[in-house]
Amino acid sequence: MKNPIERPVLSGVVAVRVLIYSTRTLTSATLTLDDDPTVLAQSAPVFVSSYKGVDVWSANIWLDSSKLPAGAHKLHIHAYSGTTRVAHMRRFVGKMPQEMLLEKVGEDAAQSDAFVPSPAEPYLDRDLPEIITSRPVAVHHPRNSMFSRPIRSILILRIDQLGDVSASMPAMVRIRQLFPDATITVLTQKFVQPILQASGIADEFMTISLGYSHESEERFLTAEAEAQVRAALNGRSFDLAIDLSPGDESQPLMQLCDAHYRVGFKPEHFRFIDFGIEVISRDKINSKAIVNHAAHITMLVQALETAMRQIQPVVPRVANADETPVFQKYGLKPGQYAVIHSGARHPINQWPMENFMALARDVTDKHGMPVVFFSDNPLSEQEKRRCGDATNVIFLERVPAFEFDILISHARLFVGNDTGPKHLAAIRGVPNVVSVSIPRLNWQEWGQNRGGVIVTRQVPCAGCGINNLAQCGKEAICIRSIPANDVIAVVDKLLNQPSPA
């Protein structure tokens, strides 16, 4: 999280990840606060690579922010080679008490793998990673909406001139249709309020008067108008604020209101926007826009509607003569076997192989179900014996794409890492899809949407986005610490449910 001036907000257990370039071997990285030399947390840097005589190291330091006083601070990161400090960085940060964060975004914190609460009990004899990985894993069920709470109050902003506001009215009508039970407030210029009021678009209105510069030909918010808006919004809170202007003038007004979700154009530029799009169209001759303004604005609301109703469609295989020989080849019956896919393009995404083996053994022993076990590399006979009754486990490496598709599409259960085969299983409509996912991205981003379960570990460095295991600094503890028994329990629960008719 970041505050309005883009400073990181620390709450709960947080991670500080840095890459350090050094000509010396690094032995430790530490954190201190302000001018106090007391070491708050430390970690051993991990070697990543070397380039022209300079080594690159990664440090991933986990800090319990409950040790910090509330308010603004300078967080210092120090890198050492033995007792010699070879690098020093600082970041300006803000500490938010955990209770305040949970009061503000409690539902979203519960759904995020990146929020890890501070330990409730003292842990002098245990390190922080051990505490965190001893917590229960997160078992997520796919969400069908980006919203974690009901939308009961909405603020719509459109403070431009009559033509702009008129072109936005169809989008406003659609917002009313999408949220029929919500109270809708519109912030607009005073002279267009009667027109909007006559259109049945809102329950109440707030008005604003903008200044205009003939030199720059731009509207601007005067100090008097800003004070007026602040006064009108003081003490008000909204579940959703939507700015329908694609320009740059009005988006900052959303920061003046207390809104749980903020929606608008140019989300890359305005980092406080939670959801948004950018629409660009070009005339072939002069490159000016060819999508009309009303359609431009409506696209934002249409995109929001899609995000609200994320029901992933199934695209089944078209039955053909290739399928029967494949089932005969492996002695399988459609819908009566499991697929376990242990591979991943990036090693950082891989759950340990021995855990997949334990899962295969449980499925065959407990549920009497054949398992098609895919691995990226050949398995030794000793590794195969870990699966128990190898006669009920079919070990495969690479097979033709059509055969791979057939085997996945007709499985009763698919278990794998968060990789392409899992997404194929979900799209094909496999009734039980389980992914053991590293939280390098949010689980919602690639989570199978129609059904199934995503198993993750909540860690403070979730959302790192890295593909290189060496840069992790914690040896992918987020996925490698997920116990086999936790995933087995999820699979048992799914397989003990009645099969769909």
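## Residues with positive phi

Glu-475 occupies the loop between β23 (453-456) and α13 (477-480); helices (H or I, at least four residues) and strands (E, at least two) are DSSP runs, numbered from the N terminus. The model is predicted: local features need pLDDT of at least 70, side-chain atom pairs count only at pLDDT 80 or more, and totals for chains, interfaces and linings use all residues. Residues are numbered from 1 along each chain as its sequence is written, and side-chain values use heavy atoms, with hydrogens and water left out.

Although Glu-475 is not a glycine, its phi is positive, at about 55°. Most residues other than glycine have a negative phi. Glu-475 counts as exposed because its relative accessibility is 61%; the classes are buried under 20% relative accessible area, exposed over 50%, and partly exposed in between (1.4 Å probe, protein chains only).

## Helix α6

Helix α6 (residues 293-308) has 16 residues, which at 1.5 Å a residue should span 22 Å; the end C-alpha atoms are 23 Å apart, so the two values agree. The expected span is 1.5 Å times one less than the number of residues in the helix. At the start of α6, the backbone nitrogen of Ala-294 has a side-chain oxygen of Asn-292 within 3.1 Å.

Among the buried residues of α6 are His-296, Thr-298, Glu-305 and Met-308. The buried residues of this helix pack against α3 (162-178), β15 (237-243), β16 (258-265) and β17 (275-277), where contact means heavy atoms within 4.5 Å.

## Packing of α8 and α14

Helix α8 (residues 353-367) packs with helix α14 (residues 484-495) at an angle of about 35°, and their axes are 10 Å apart. Axes are lines fitted to C-alpha atoms, for helices over the stretch in contact, and angles run from 0 to 180 degrees between N-to-C directions. The crossing of α8 past α14 is right-handed, meaning that the near helix is turned clockwise from the far one by less than a right angle.

On α8 the contact includes Asn-355, Leu-359 and Lys-366, and on α14 it includes Val-487, Ile-488 and Asp-492. By class, the contact has eight nonpolar, two polar and three charged residues. Ala, Val, Leu, Ile, Met, Phe, Trp, Tyr, Cys and Pro count as nonpolar, Asp, Glu, Lys and Arg as charged, and the others, Gly among them, as polar.

## Buried polar side chains

Ser-58 belongs to strand β6 (residues 54-64) and counts as buried because its relative accessibility is 0%. A polar atom of the Ser-58 side chain lies 2.6 Å from the backbone oxygen of Gln-471. Leaving aside neighbours within four places in sequence, the contacts of Ser-58 include Arg-17, Leu-19, Val-46 and Cys-472.

Glu-323 is placed in helix α7 (residues 323-330) and, with a relative accessible area of 10%, is buried. The side chains of Glu-323 and Arg-317 are joined by a polar contact of 2.9 Å. A polar contact is a pair of N or O atoms within 3.5 Å; within protein, one must be able to donate a hydrogen and the other to accept it, and residues adjacent in sequence count only if both atoms are side-chain atoms. Not counting residues up to four places away in sequence, Glu-323 touches Arg-317, Val-318, Ile-406 and His-410.

## A contact across the sequence

Ala-114 lies in the loop between α1 (98-111) and α2 (128-133). Ala-114 and Pro-460 are 346 residues apart in sequence, yet 5.0 Å apart in space, C-alpha to C-alpha.
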